[in-house]
Amino acid sequence: EKSRFQLFGDTINVASRMESTGEKNMIQVSQDTADLLTSAGKGHWLVPRDNPVSAKGKGLVETYWLQPNKRRPSMNTASMRLSVEGSNDGYG
């Protein structure tokens, strides 16, 4: 039994810490998973946790909440924001 933990120690340790610091009905993912999602164009699904998770032997580990229903900001919203922020109407 000990050899399994030595072989998979890092993965099990991080998974255990993530499980013990998780929240009900929330999906928590590691930095590696967040990187994969970001490279697949799904970075808008990720919300960084307020505090890093402390994992034995690794120190503080950044994790994220996964919210796949979170939509990417639309171009219309971004355009409107730019036009309002960039307007020069003489009031300031």
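The model is predicted, and the protein chain has 92 residues. Its average pLDDT is 77, with 68% of the residues scoring at least 70. Let's take the topics one by one.

**Overall fold**

- The protein chain contains 4 helices and 5 strands.
- If you read along the sequence, these elements follow the pattern α-α-β-α-β-β-β-β-α.
- Among contacts between residues at least 6 apart in sequence, 51% join residues at least 24 apart.
- The chain has an accessible surface of about 7500 Å², and carbon and sulfur atoms account for 53% of that surface.
- Of the residues in the chain, 20% count as buried.

**Confidence by element**

- Strand S2 (residues 46-48) has the highest mean pLDDT among the elements, at 95.
- Helix H4 (residues 75-85) has the lowest mean pLDDT, at 51.
- Where pLDDT is low, the predicted coordinates should not be read in detail.

**The sheet**

- Three strands form an open sheet in the order S1-S5-S2, and their pairing is antiparallel.
- S1 and S2 are the edge strands, as each of them pairs on one side only.
- On average, neighbouring strands of this sheet are turned by 40 degrees against each other, with direction ignored.
- S2 and S5 run antiparallel and are joined by 3 bridges.
- Pro48 has Tyr64 in S5 as its bridge partner.
- As background, strands of a sheet pair through backbone hydrogen bonds, either parallel or antiparallel.

**The nonpolar core**

- Which residues make up the largest nonpolar core? The 6 residues are Val29, Ala34, Leu37, Leu46, Tyr64 and Leu66.
- Helix H3 (31-39) and strand S5 (64-66) each supply at least two residues of this core.
- In soluble globular proteins, nonpolar side chains tend to be buried together.

**A loop residue to look at: Asn25**

- Asn25 lies in the loop between helix H2 (9-20) and strand S1 (27-29).
- Although Asn25 is not a glycine, its phi is positive, at about 65 degrees.
- Is Asn25 buried or exposed? Asn25 counts as exposed because its relative accessibility is 74%, and the cut-off for exposed is over 50%.

Notes:
Residues numbered from 1 in each chain as written. Predicted model: local features only at pLDDT ≥ 70, side-chain atom pairs only at ≥ 80, totals over all residues. Heavy atoms only, no water. Core = buried A, V, L, I, M, F, W, Y, C linked by side-chain atoms within 4.5 Å. Buried < 20%, exposed > 50% of the residue type's maximum accessible area, 1.4 Å probe, protein only. pLDDT = per-residue confidence, 0-100. Contact = heavy atoms within 4.5 Å. Areas by Shrake-Rupley, 256 points an atom, 1.4 Å probe, with all protein chains shown as cover. Pairing = 2+ DSSP bridges. Axes fitted to C-alpha atoms, helices over the stretch in contact; angles between N-to-C directions.
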